[in-house]
Amino acid sequence: MRTNTLKQKLKDGKPVFGAMITFPSPTIVEMLGYMGYDWVLIDNEHGSITLDLSEDMIRAAELTGVAPIVRPVANRPDSISPFLDRGAWGVQVPHVNTRAEAEAAVAACKYFPEGTRGIFSRGRPAEYGMKESTPAYAASANANTLVCLMLEEVEAINNIDEIVKVKGIDVLFIGSGDLSQSMGHVGQQGHPEVVALMEKGVKRIRDAGIVAGVSCPENLVAKFMGLGVQYFHGSVGTFVQNGGEAYLKHMRQSAGM
C-alpha cells in the first residue's frame, strides 16, 4: 500500500492545503496535483461524484502526488469503506457530534484490531493482493488511512472533550458553514460568535494533541494557522469563479467595454 504523504506532513507539523471538488473530473484532480496541492477532497456528500466515478479521480490524484481524501455522504460503514476499497487515502466524515459517532467512524475505517472494516485484500489499495500478505496489508492500511472527522454543529463543539478520547482520529475539522447555521447565523462564517466558538474548539483539539482543521474565509486562514490549525481546503468552484471573473473583467477593460 502507498505511504500516505499527507499523514506524514501533518505529523511533521506542516500546514496542508487542499481543494474540494464536487463534480467528477479526473483531469482537474490531476491538474491540482501538478499545481502542488497537498490533498484533494473528493466530495460525495454534496456533489455528483458517485463511488464508481471516484476511482479514476483517486488514480489521477495518485499520478500527480496529491492525496485523495473522500467525504462520504454519511457516517456509515456502507458509505465509508467502499471508497477506501477504491483506493482513497482517507475519509473526511461529516456531522460527527458525539463520542459514539466518532468511535463508529474510526471503526469503519480501520481493520482489526483497531476497527471493524470488512477485510478485502484483492483491491486497488492492496495492489490486488499481488505484493503483500493479507495481514501485512491490513497493518499497512491501518497505519496509512487518514481519519478526519467533521465537527459541524454546536453539539459537536460541546462534546469535543469526549470526542478527543477516541483512538485513531488523525484530524478534527471544524466546518464553519454548518456550524454557523447551527448557531442561527446562516452563511455568516466570519460572524464574531462563530469565529469565537471555532477558536474555542481549535484550542481544545490542539490541547488534546490532535491535528485541527477548519473551513473559514480566506482572510481568517492566517489567524487560524497562528492558533495551530494545519488542515485547510478551498473549493474548485470558488477557484473557477474568482479566476474566471478576474480574467473576464481584465479582458473587457482591455477591449474598452
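1. In which strand is valine 40 found? In this predicted model, valine 40 belongs to strand 2, which covers residues 39-43. Its relative accessibility is 0%, and because buried means under 20% relative accessible area, valine 40 counts as buried.

2. The surroundings of valine 40 can be listed by name. Leaving out residues up to four places away in sequence, valine 40 touches Ala19, Ile21, Val29, Leu32, Ala61, Val66, Ala67, Pro68 and Ile69. Serine 180, by contrast, lies 140 residues from valine 40 along the chain, and the C-alpha atoms of the two are separated by 24 Å.

3. As for the chain overall, it contains 12 helices and 8 strands, and 49% of its 257 residues count as buried. A compact globule with 257 residues would have a radius of gyration near 18 Å, and the 19 Å of this chain agrees with that. The C-alpha trace spans about 65 × 40 × 30 Å along its principal axes.

4. In soluble globular proteins, nonpolar side chains tend to be buried together. Here the largest nonpolar core has 54 residues, of which Leu149, Ile169, Leu172, Val214 and Phe224 touch the most other members. Helix 10 (residues 192-207) gives the largest share of this core, with 6 residues. There is also a second, separate core of 16 residues, which includes Leu6, Leu41, Ala67 and Cys148.

5. Leucine 149 deserves a separate look. When its neighbours within four places in sequence are set aside, leucine 149 is in contact with Val93, Val96, Ala102, Ala105, Ile169, Val171, Leu172 and Phe173.

6. Helix 4, made of residues 77-85, has Ser79, Ile80, Ser81, Pro82, Phe83 and Leu84 buried. Against which elements do the buried residues of helix 4 pack? They pack against helix 3 (51-64), strand 3 (67-71), strand 4 (90-93) and helix 5 (99-109). Just after helix 4 comes glycine 87, which takes a positive phi of about 115°.

7. Tyr247, Leu248 and Met251 make a nonpolar surface patch of about 290 Å². Tyrosine 247 is found in helix 12 (residues 236-254). Is tyrosine 247 buried or exposed? Its relative accessible area is 53%, so tyrosine 247 is exposed, the cut-off for that term being over 50%.

Methods:
Residues numbered from 1 in each chain as written. Predicted model: local features only at pLDDT ≥ 70, side-chain atom pairs only at ≥ 80, totals over all residues. Heavy atoms only, no water. Buried < 20%, exposed > 50% of the residue type's maximum accessible area, 1.4 Å probe, protein only. Helix = DSSP H or I, 4+ residues; strand = E, 2+ residues; numbered from the N terminus. Contact = heavy atoms within 4.5 Å. Patch = residues over 30% accessible without salt bridge, like charges linked within 9 Å, V, L, I, M, F, W, Y side chains within 5 Å. Areas by Shrake-Rupley, 256 points an atom, 1.4 Å probe, with all protein chains shown as cover. Salt bridge = Lys/Arg side-chain N within 4 Å of Asp/Glu carboxyl O. Core = buried A, V, L, I, M, F, W, Y, C linked by side-chain atoms within 4.5 Å. Rg over C-alpha atoms; globule rule 2.2 N^0.38 Å.
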